[in-house]
Amino acid sequence: MSSVWLLILVFLPVPAGILVMTGALKNRSLKLWFLALVFAFETVGVLLLSKHDVAPVTLFRFTSTISITLAVDPLTRLFAVVFGVIWLPVGIFAFRYMTHERNEDLFFGFYLICEGMLLGVSMAENLITLYLFYEMVSLLSVPLVLHSRTREAITAALKYMFYSVG
């Protein structure tokens with residue numbers, strides 16, 4: 001299995017999430033099928049990843065010893081499978097749940113992007129990479145808390161940000 005799969009699994013949800021957030025998929029049925037397809041692709045991808053060895057991928061190198069690198073080891077496989085397998089049914093459950101909520105496009109867009117960033121957390125080879133992806137998950141999951149934009153949601157999002165930063 002090529003190491004390009006690491007990049008695909010981590011970064012494919014980003015443009016897919018942006019596509020959903022922009023409202024480009026006007027038809028709700030089409031949007032839900034698109035989301036289900038991306039969720040299923042990610043799930044199958046992490047299941048395949050759990051069975052194959054993949055070479056590490058360095059995204060950026062600060063120095064000879066400090067880099068942003070994705071790699072696969074036994075713990076990576078465990079967490080990637082947990083994230084990938086759980087994200088699919090929760091996302092499908094959210095289809096029904098979000099029928100009575102506002103800002104569905106934003107919710108699903110950020111939900112997709114968060115999946116990719118969580119996979120980045122699980123595939124982090126070093127603490128720099130782990131910290132980068134962890135902070136991305138923290139920042140990008142705030143809109144999931146905030147999506148209804150009620151007073152309670154805003155209070156919860158502010159608490160969440162305070163706890164994350166703290």
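User: Which residues of α3 and α5 meet?

Analyst: In this predicted model, the α3 side of the contact comprises Arg 28, Lys 31, Leu 32, Leu 35, Val 38, Phe 39, Glu 42 and Val 46. Their partners in α5 are Glu 104, Asp 105, Phe 108, Tyr 111, Leu 112, Glu 115 and Leu 119. By class, nine of the contact residues are nonpolar, six are charged and none is polar.

User: How is the geometry of such a pair described?

Analyst: For two packed helices, one gives the angle between the axes and the distance between them. Here the axes of α3 and α5 come within 12 Å and cross at roughly 10 degrees. Angles under 35 degrees count as roughly parallel, and α3 and α5 are therefore roughly parallel to each other.

User: At what angle do the axes of α4 and α5 cross?

Analyst: The axes of α4 (residues 74–97) and α5 (residues 104–122) cross at roughly 170 degrees and come within 9 Å. This crossing makes α4 roughly antiparallel to α5. The residues of this contact comprise 13 nonpolar, four polar and two charged. Among them, α4 contributes Phe 79, Phe 83 and Trp 87, while α5 contributes Phe 107, Cys 114 and Leu 118.

User: Which residues of α1 are buried?

Analyst: Leu 6, Leu 9 and Val 10 are buried in α1 (residues 4–11). They lie on the same side of α1, because their arc around the axis covers only 95 degrees. The elements against which these buried residues pack include α2, α3, α5 and α6, as well as the strands β1 and β2.

Conventions
Residues are numbered from 1 along each chain as its sequence is written. This is a predicted model: local features need pLDDT of at least 70, side-chain atom pairs count only at pLDDT 80 or more; totals for chains, interfaces and linings use all residues. Side-chain values use heavy atoms; hydrogens and water are left out. Axes are lines fitted to C-alpha atoms, for helices over the stretch in contact, and angles run from 0 to 180 degrees between N-to-C directions. Helices (H or I, at least four residues) and strands (E, at least two) are DSSP runs, numbered from the N terminus. Angles under 35 degrees count as roughly parallel, over 145 as roughly antiparallel, 65 to 115 as roughly perpendicular and the rest as oblique. Contact means heavy atoms within 4.5 Å. Ala, Val, Leu, Ile, Met, Phe, Trp, Tyr, Cys and Pro count as nonpolar, Asp, Glu, Lys and Arg as charged, and the others, Gly among them, as polar. Buried means under 20% relative accessible area, exposed over 50%, partly exposed in between (1.4 Å probe, protein chains only). The arc is that of the directions from the helix axis to the C-beta atoms.
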